[in-house]
Amino acid sequence: LVKRDDMDINRIIHIAANAGRIILQSGGETYRVEETILRICNAFGINNADSFVTPTGIMLSAADEYGQTISLVKRIHFRTVDLEKISKVNDLSRNIKNQGYTLEYVEHELDKIESLKKYSLRTILISSCFGAAFFTLLFGGNIKDFFASFIIGGIIKYVTTVLNRVNINDFFINIVGGSVASLLAIFFVYIRLGAHIDKIIIGSIMLLVPGLAITNAIRDTISGDLVAGISRAVEAFLIAAAIAIGSGLILRLWFIYSGGRFTW
Amino acid sequence: LVEGSIYAFIATIGFGILFNIRGRNLFIAALGAGISWFCYLFTMKLTSSTFLAYFLASITAGVFSEVMARILKTPATTFVICGIIPLVPGSGMYYSMYEIIKGNASKALNLSLETLSIAGAVALGILFATSMIKIITYKKNNHVTS
């Protein structure tokens, strides 16, 4: 390996931390972030690097050949779901060593991955319509319920996307999402465009259900990242509670108002 | 039986797009969800034990994801997340909330316990599948080197 000066080690750990940040913000598992960071450091010749990752931050330190230690902390403020980015960064980090990528190339590729676009809003809305509608069918709804949750799915996704842009906390967003689901379900059954309130609501709230948080909680716990596993499990539980609170609130009001019956 | 799996397949394609999965992976991930839901329905038909059905279905999802991840060189999460989407107990959550609102405390408690145990079954299934795959691949790697 070529001898590196201080500038290089700085640059390498910045690249490594950046790659880790992209994975963590896109919803990757904790061990994957740690592994990626170490893999990049190793590929560029830093062998005594170590990293500690939690869902809200990355800590990383490395030492050069004179024993001079450099460390870096990256705080993660928001997380979305973007499995394509995880996959891309994962591929890139695995190929550095055997393809002999240079620092410039990796930096450039990371920038490219970072600026990858998601599907357009219209595609996302349409696919949430289909997602919610087919889950309603799956849980035993009929064709009327299908169309009701088709519309509700799109509306929920739109509302939560807009709220996400304003950067409100997840808890509130899910309360709003849950109440929109049950409010519209009651409305659609009231105008006789749906048949079963429960099936419509269940299908629609599948869009909000914390599938990613549950999966990551399991996978983090399996790989021994107990702190991360517990915080993800709590996240999943809080999201579930928020959805229940939101939809329950509306249903409760409806019970108080009409006793749970429709008066056409 | 098949009908339900097709619904799960289409619904998961929708979810895969929300998670920004692209191309071939999207199809495979949705296929995993279809297969695991089929496994759930099939077990329900034979035994009528919800816990067992969710457990077996999530093992199927887990094994499918780990195998596909190794074949397609993609992180296993991509497939696991989609595979267990239909298994997440959204309906159990809803019905326990419903009973709480109606004031049936004992029924609500029953349902929430069932929901929690389903979530536990799914988690156990994934854990089991991932660990088994690790054991098998470890053996295989040893075999190759020795």
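**Close-up views of a predicted two-chain model**

Buried residues, meaning those under 20% relative accessible area, with exposed ones over 50% and partly exposed ones in between (1.4 Å probe, protein chains only), make up 53% of the 146 residues in chain B. This is a predicted model, in which local features need pLDDT of at least 70 and side-chain atom pairs count only at pLDDT 80 or more, while totals for chains, interfaces and linings use all residues. Residues are numbered from 1 along each chain as its sequence is written, chains are lettered from A and ligands numbered from 1 in the order in which they are written, and side-chain values use heavy atoms, with hydrogens and water left out.

**View 1. Chain B is built from six helices and zero strands.** Helices (H or I, at least four residues) and strands (E, at least two) are DSSP runs, numbered from the N terminus, and in chain B the elements run α-α-α-α-α-α from that end. The C-alpha trace of chain B spans about 65 × 35 × 25 Å along its principal axes. Where contact means heavy atoms within 4.5 Å, 65% of the contacts in chain B between residues at least 6 apart in sequence join residues at least 24 apart.

**View 2. Asn20(B) sits in a loop of chain B, between helix 1 (2-18) and helix 2 (24-47).** Although Asn20(B) is not a glycine, its phi is positive, at about 60 degrees. Asn20(B) counts as buried because its relative accessible area is 2%. A positive phi in a residue other than glycine is also found at Arg192(A), where the value is near 65 degrees; Arg192(A) belongs to the loop between helix 7 (170-190) and helix 8 (197-205) of chain A.

**View 3. Chain A and chain B meet in a contact that takes 49 residues from chain A and 41 residues from chain B.** Between them the two chains bury about 4,200 Å², 74% of it on carbon and sulfur atoms, where buried area is the accessible area (1.4 Å probe) that two parts lose on being put together, summed over both. On the side of chain B, the residues that lose the most area to chain A are Leu18(B), Tyr94(B) and Ile101(B), together 15% of what that side buries.

**View 4. Gly90(B) lies in helix 5 (residues 90-102) of chain B.** Not counting residues up to four places away in sequence, Gly90(B) touches Ile202(A), Ile205(A), Met206(A) and Val209(A). With a relative accessible area of 0%, Gly90(B) is therefore buried. Ile17(B) is 73 residues from Gly90(B) in sequence, and their C-alpha atoms are 20 Å apart in space.

**View 5. Three strands of chain A form an open antiparallel sheet in the order 1-2-3.** Strand 1 (49-54) and strand 3 (69-75) of chain A are the edge strands, each pairing on one side only, and the twist from one strand to the next averages 10 degrees. Strands count as paired if DSSP finds at least two bridges between them; strand 1 and strand 2 (residues 57-63) of chain A pair in the antiparallel sense over six bridges. Helix 2 (residues 30-43) of chain A packs on the sheet, touching strand 1 and strand 2, and its direction makes about 160 degrees with that of strand 1; such axes are lines fitted to C-alpha atoms, for helices over the stretch in contact, and angles run from 0 to 180 degrees between N-to-C directions. A hairpin joins strand 1 of chain A to strand 2 of chain A through two residues. Across this pair, Val53(A) stands opposite Ile58(A) in strand 2, while Ala49(A) stands opposite Ala62(A).

**View 6. Ser149(A) lies in helix 6 (residues 143-165) of chain A.** Ser149(A) counts as buried because its relative accessibility is 0%. Leaving aside neighbours within four places in sequence, Ser149(A) is in contact with several residues, among them Cys129(A), Thr136(A), Ile200(A) and Ser204(A). Cys129(A), at 11% relative accessibility, likewise counts as buried.

**View 7. The cysteines form zero disulfides over all chains.** Cys129(A) is in no disulfide, and the nearest cysteine sulfur, that of Cys82(B), is 18 Å away, whereas a disulfide is a pair of cysteine sulfur atoms within 2.5 Å. Cys39(B) is buried, at 18% relative accessibility, and its sulfur is 18 Å from the closest cysteine sulfur, in Cys82(B), which is too far for a bond.
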